[in-house]
Amino acid sequence: MQTFIENLPKAELHLHIEGTFEPELMFEIAQRNEIDLPFEDVEALRKAYDFSRLQDFLDIYYQGMNVLREEQDFYDLTWAYLTRIHKQNVLHTEIFFDPQGHTDRGIPFETALNGIYNALQDGQKQLGISFGVIMCFLRHLDEDAAMATLEQALAHKDKIIGVGLDSSEMGHPPEKFTNVFARAKAEGFHIVAHAGEEGPPEYVRQALDVLHVERIDHGNRALEDEALTQRIVESGMALTVCPLSNLKLCVVDDLKNHPIKKMLKAGLKATINSDDPAYFGGYMNENFGQLAEAVGLTRDEIATLARNGFEATFLPKDQQQALVAKLDAYLATA
Ligand code: ADE
Ligand code: ZN
């Protein structure tokens, strides 16, 4: 099954580019920017990746992105991610970035965006990976700060396809961002939001009713509410599920207890994604592979998850169909 997964054409729809920062590259960039990391070496840093909840991870994630200063740093980070997923047969990726994680440190919005975007364009040309960029608002900050960030993005509508919502979920419900999401939607951005990772089903309901999301990032806790689950099934809306993230952040106690089969049986359009692979122990193939092994996914279930990934992209229909055709060609031979 591992070989089947490795060669399977895939799309990734829930990936924080700052969460792909491997310790080796972090030390390299820290050194060139003359920044002291509060860790002795790569090994000591990796040892710190032991989390009991989302906030434990976020504390170290924001500390890590602190070494990104120059456009080249953002380019190198993104290029490293692209070369990895190229080897994993990821054909399309829609990545998140956290502009406020950079602008709040005095790094211009354009420094981060241009570095990321130039690497993605090179990835499209040299590796054939198509892409979209979604910027996320940090939900632990206030709505005015999110609005100021949206205003900065308006000059870059050619590079940014959507807006999302991430960071500390508990205590920061989607409705806190009603106005900024309404404005983003009116400006033509696609809309997604993290909901139901740690937060209750009510936050998922708000993401639907108040933010008008087109995809739900995570969404695990929607399963606690049957009516809500049914509503999501009927809407055909995708969930961007992140198995190794769920394990490392203790959203599930054991990968064997991951609700992916329950999601598929309920008729939810679940997709598999890596979230913050440098911190959670794996990219797309590891997420598919370890989950398949833990819960005993069948070949058909794996194919459905991959198909859902392509169908849930924000690509125009013809490009989506071209990717699904590649998947079907693979399935016919594998
Ligand atoms: N930022 C990066 N990864 C995240 C996650 N899984 N949940 C919320 N915010 C995030
Ligand atoms: Zn995430």
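Predicted model: local features only at pLDDT ≥ 70, side-chain atom pairs only at ≥ 80, totals over all residues.

Colleague: Okay. How many helices and strands does the protein have?

Modeller: There are 17 helices and 8 strands.

Colleague: What does the radius of gyration say about the protein?

Modeller: The value is 19 Å. A compact globule of 334 residues would be near 20 Å, so the two agree.

Colleague: And the span along the principal axes?

Modeller: The C-alpha trace covers about 50 × 40 × 40 Å.

Colleague: What share of the residues is buried?

Modeller: Buried residues are 59% of the 334.

Colleague: What about the accessible surface?

Modeller: That comes to about 13,100 Å². Carbon and sulfur atoms account for 47% of this surface.

Colleague: Switching to contacts. How many of them join residues at least 24 apart?

Modeller: Take the contacts between residues at least 6 apart in sequence: 77% of those join residues at least 24 apart.

Colleague: Now one residue. Where is Lys-159?

Modeller: Lys-159 sits in the loop between helix H8 (143-153) and strand S4 (162-166).

Colleague: Is Lys-159 buried or exposed?

Modeller: Buried, because its relative accessible area is 17% and the cut-off for buried is under 20%.

Colleague: Which residues does Lys-159 touch?

Modeller: Leaving out residues up to four places away in sequence, Lys-159 touches Leu-113, Asn-114, Tyr-117 and Val-133.

Definitions and conventions
Residues numbered from 1 in each chain as written. Chains lettered and ligands numbered in written order. Heavy atoms only, no water. Helix = DSSP H or I, 4+ residues; strand = E, 2+ residues; numbered from the N terminus. Rg over C-alpha atoms; globule rule 2.2 N^0.38 Å. Buried < 20%, exposed > 50% of the residue type's maximum accessible area, 1.4 Å probe, protein only. Contact = heavy atoms within 4.5 Å. Areas by Shrake-Rupley, 256 points an atom, 1.4 Å probe, with all protein chains shown as cover.
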